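Dear colleague,

Please find below the structure that I am handing over to you. My notes on it follow.

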Amino acid sequence: MTEFDYIIVGAGSAGCVLADQLSKDGTCSVLVLEAGGSDNSFWIRTPIGYGKTFFNPRFNWKYETESDPNTGGRAGYWPRGKVIGGSSSINALVYCRGMPGDFNDWEKSGAAGWGWDTVRSHYEAIETRVDENGNTDGNGPMYVTNVQRDIHPCNRNYFAMARELGLPVTDDCNGPDPEGVTHYRITTKGARRWSSADAFLKPALKRPNVTLIKNAMVERVIVSNGRTTGVSVLLPTGKTQFDVRQEVIVSAGAVNSPKLLQMSGIGPGRLLREMGIEVVRDNGNVGGNLQDHLGINYYYKATEPTLNSMLSPWWGKLFHGVRYMLMRRGPLGLSVNQCGGFVRSDAALDAPDQQLYLNPVTYNTTSSTTKKPVINPDPFDGFILSFQPTRPTSRGRIDIASPDVSAAPRIVPNYLSTQKDLDDVVAGGRLIQRMARTASIRSFAKEAIAPDIDTFDDAGILEDFRQRCGTVFHPVSTCRMGADDATAVVGPDLKVFGIEGLRVADASVFPNITSGNTNAPTLMLGHRAAGLILKDRRH
């Protein structure tokens with residue numbers, strides 16, 4: 001077949017949901033095109049294995065940003081999934097819906113119909129929640145698991161710290177009281193990673209009306225007289241074209257979706273003409289409005305064993321590897337991000353302004369022998385206190401750097417370019433200082449590993465953050481959803497302004513960044529997008 005009702009570009013978090021929902025009634029033919037290859041890998045299946053896929057070009061686009069003057073002139077490393085399941089196959093598995101106010105802000109930003117009261121039902125439709133005893137609630141395809149029984153016992157120090165400071169403690173950041181320090185829920189089933197591909201795409205592929213083509217680089221969406229007619233694709237066997245009867249849905253992610261639109265002539269007219277690309281629709285918002293979370297780690301040596309003791313020595317790796325293979329128990333079945341939560345650095349604030357990551361491990365990212373990038377626990381026991389401001393306001397851009405589809409785009413994050421973002425960094429640093437000074441953490445910390453945040457004033461907190469912060473891997477908003485093309489790329493129905501038969505459905509359409517990890521809201525968005533598409537289906 002070379003003609004389909006729907007063509008989905010990208011088998012990532014949202015694309016997999018779309019494939020499942022659009023094909024469910026059996027009446028529509030669906031083609032899914034994925035630039036990456038198979039997700040059949042031990043390191044993808046094993047939850048903590050994302051340390052191995054973090055730098056692996058087989059699964060990872062391995063993008064880098066332009067050097068940023070606001071973060072010490074450093075270029076940032078941006079891993080993005082280049083594999084079936086997209087970034088849901090290589091991420092740290094944390095599942096956070098976001099704060100209800102995030103979605104009310106979406107609606108206020110011009111995304112009518114995307115408020116919390118609407119999106120909550122889509123979360124409930126996709127989730128099966130698993131408690132620490134294995135009991136389930138809900139019947140959605142995505143398993144969201146409470147792994148509290150296996151988390152490291154030293155995590156008790158974090159909860160004691162929270163109570164000392166008067167910070168709220170909550171059972172679940174996805175529950176009715178999402179604010180507070182908590183045990184993070186993760187996307188696993190039976191102690192194995194449960195990606196969007198596992199939950200949605202693989203069941204859909206059992207239907208005769210769904211076709212998946214791997215290693216398929218879509219070089220252009222074809223638009224004729226204002227209507228989308230198909231896509232041009234580079235396959236290992238050569239170039240080919242697939243035609244579409246209903247719609248093309250671009251779900252290639254916050255980096256590759258704007259790149260594909262620009263390659264297709266939809267984007268900033270001046271840039272496209274410089275690249276020799278015919279302008280189909282001049283819209284400077286394509287690639288603009290980029291947002292991302294920045295975080296920073298503060299490292300401490302510990303007074304008691306942490307995950308370092310379990311995973312650093314060879315015998316620890318062997319023991320826990322065998323334990324995991326035989327019993328599906330232990331640290332290999334977890335995310336390194338075991339605890340954290342959403343808190344206010346000042347009780348007078350209207351909503352949480354900081355997300356915490358409280359990890360019972362320290363690690364390095366370069367091999368001491370081969371100098372290759374890897375993630376390895378340190379040979380001593382340690383732990384991390386970390387924060388990320390939840391709602392940054394800085395906006396950057398992603399633009400093509402070449403008309404060659406294989407060339408990486410130019411990523412200009414423009415981090416820390418507003419006063420609010422600078423103030424939030426100082427507030428987060430001051431919160432970490434208060435945390436580190438509690439009796440619970442002082443008894444757990446043998447010593448701080450330099451730089452010691454306890455020695456910093458406000459200027460020191462900010463300067464250290466500029467020099468050491470890094471992305472938390474949550475890029476969004478580069479094909480922003482809004483009321484019109486003066487500020488956005490797609491409308492609340494996710495249709496690309498000025499082009500018939502073309503939508504974008506992934507994290508690139510977020511009007512603004514949610515407070516926490518972005519995989520869960522991307523899954524939700526894919527589910528709601530499918531409903532909008534089927535409602536508009538042309539008979």
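This is a predicted model: local features need pLDDT of at least 70, side-chain atom pairs count only at pLDDT 80 or more; totals for chains, interfaces and linings use all residues.

Which residues does Arg437 touch, not counting residues up to four places away in sequence? Arg437 touches Arg442 and Asp454, where contact means heavy atoms within 4.5 Å.

Residues are numbered from 1 along each chain as its sequence is written, and side-chain values use heavy atoms, with hydrogens and water left out.

Arg437 lies in the loop between α12 (419-436) and α13 (439-442). With a relative accessible area of 42%, Arg437 is partly exposed, a class that falls between buried (under 20%) and exposed (over 50%), using a 1.4 Å probe and protein chains only. Asp454 is 17 residues away from Arg437 along the chain, and their C-alpha atoms are separated by 8.2 Å. The side chains of Arg437 and Asp454 make a polar contact (2.4 Å); such a contact is a pair of N or O atoms within 3.5 Å, one able to donate a hydrogen and the other to accept it.

As for the whole protein chain, it has 15 helices and 27 strands, which are DSSP runs (H or I, at least four residues, for helices; E, at least two, for strands). Buried residues make up 60% of its 539 residues. The C-alpha atoms fill a box of roughly 70 × 50 × 50 Å, taken along the principal axes.

Yours sincerely,
A colleague
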